[in-house]
Amino acid sequence: MRRSYLAVMILLTFALAISGCSKNEPSGKQEDVSVSENYFIFDTVVSVRVYDERVTKEHFDDIKKLLENINETMNRLEKDSEVSLINHQAGKQAVVVSPETYLVIKTAKQYAELSEGHFDPTVGPLVDLWAIGNGGTAKPEASLIEKEKQLIDYHKLTLDDDKLAVKLEEAGMTLDLGAIAKGYAADVIAEYLQEHDFKSAIIDLGGNILAMGSKPGGAAWAIGIQSPEEKRGAHLGTIPVINKTVVTSGVYERYFIENGEVYHHVLDPYTGYPSWNGLASVTIVTDVSMDADAMSTAVFVMGLEKGMEFVESIDYAEAIFVTEDKKVYVSSGLKDIFKLVHKEYTLAN
């Protein structure tokens, strides 16, 4: 386990300010006018910037309601959420949920199957045990990890498409949509904006980016890929995208340090421990943010070789892998467009 590298990577946590609507004209041209709103939800800052002066406070209020509804139905920590009810009835009975929640849960199970369990939405017991980013400061006892690991099994998440019913087959199991719901939220915001005839927007959920449409005038967006060892906003490279989502999972997002060792939040369902495979981050580029969210976790846990093979087998996704030794690997569809800008990293393929 190459944790000495990660110890160097840890930086001081910094606070993010929440702002209201603001206008910005980066080029001074009318078509470049943007209006933005920030929200704090899903334990992160959500930023929506629309490049159209027609957008109003009412539009942003509608987006806030959409986000709040997703949180209230899919956040398992909300005691009356649909996911909380599913968990409460684990080992007892199925719970009928809304079409939106059912879609996210079904998609989560599909990616669990596709990734052979490297992404698993029933990882909740391990998430609670480690509590990384939620007060956890010490590695759990190995016996407790082994005990909770036995409850992780997406095969025991059963779905009824006709009734929109969801059941966890074993008592103590816990459904956790934390690795897919933010992506779904980005898709919902984009769909809302498109329905209201907006063409260009950047939707950012704590660094998970959805670039809607193109820039005003038709040019591609230049999306920066986060450098794993520096504060948010420091880029190791850029890619041009139009109507794409760019989602990253990395060791720098949430963690704690114990006895000089860093324990990050991306848990491996097979081992019960944070995934240690030489990767510092994985970025997925695709069309649907919900897909990208799930795939970024799955591919990170798979590691470089298996993860690259997985991505190359899917015709709608591309990926950027960053290793602990500061090498960058890109999938075939990005080789001609990814631009490395950080001098301390090298392009490996």
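**Exercise 1.** Which residue forms a salt bridge with Asp176, and how far apart are the closest N and O atoms?

*Before you start.* This is a predicted model, where local features need pLDDT of at least 70, side-chain atom pairs count only at pLDDT 80 or more, and totals for chains, interfaces and linings use all residues. Residues are numbered from 1 along each chain as its sequence is written, and side-chain values use heavy atoms, with hydrogens and water left out.

*Solution.* 
- Step 1: take the criterion, a side-chain nitrogen of Lys or Arg within 4 Å of a carboxyl oxygen of Asp or Glu.
- Step 2: apply it to Asp176, and the partner turns out to be Arg76, with the closest N and O atoms 2.9 Å apart.
- Step 3: Asp176 sits in the loop between strand 6 (165–168) and helix 7 (181–195), Arg76 in the loop between helix 2 and helix 3, so the pair links distant parts of the chain, 100 residues apart. Helices (H or I, at least four residues) and strands (E, at least two) are DSSP runs, numbered from the N terminus.
- Step 4: check burial, where buried means under 20% relative accessible area, exposed over 50%, and partly exposed in between (1.4 Å probe, protein chains only). Asp176 comes out buried at 14%, and Arg76 is buried too, at 15%.

**Exercise 2.** Find the salt bridge between Arg76 and Asp128, and say where its two ends lie.

*Solution.* 
- Step 1: the closest N and O atoms of Arg76 and Asp128 are 2.7 Å apart.
- Step 2: Arg76 is in the loop between helix 2 (57–74) and helix 3 (82–88), while Asp128 belongs to helix 5 (residues 124–130), 52 residues apart.
- Step 3: Asp128 is partly exposed, with a relative accessibility of 43%.
- Step 4: now look at Ser84 in helix 3, a residue that is buried at 14%. Setting aside neighbours within four places in sequence, Ser84 has contacts (heavy atoms within 4.5 Å) with Arg76, Glu78 and Lys79.

**Exercise 3.** Trace the salt-bridge network that includes Asp197.

*Solution.* 
- Step 1: Asp197 and Lys199 pair through their side chains at 3.1 Å, N to O.
- Step 2: Asp197 is partly exposed at 39%, whereas Lys199 is exposed at 58%.
- Step 3: for the whole structure, a search gives 13 salt bridges.
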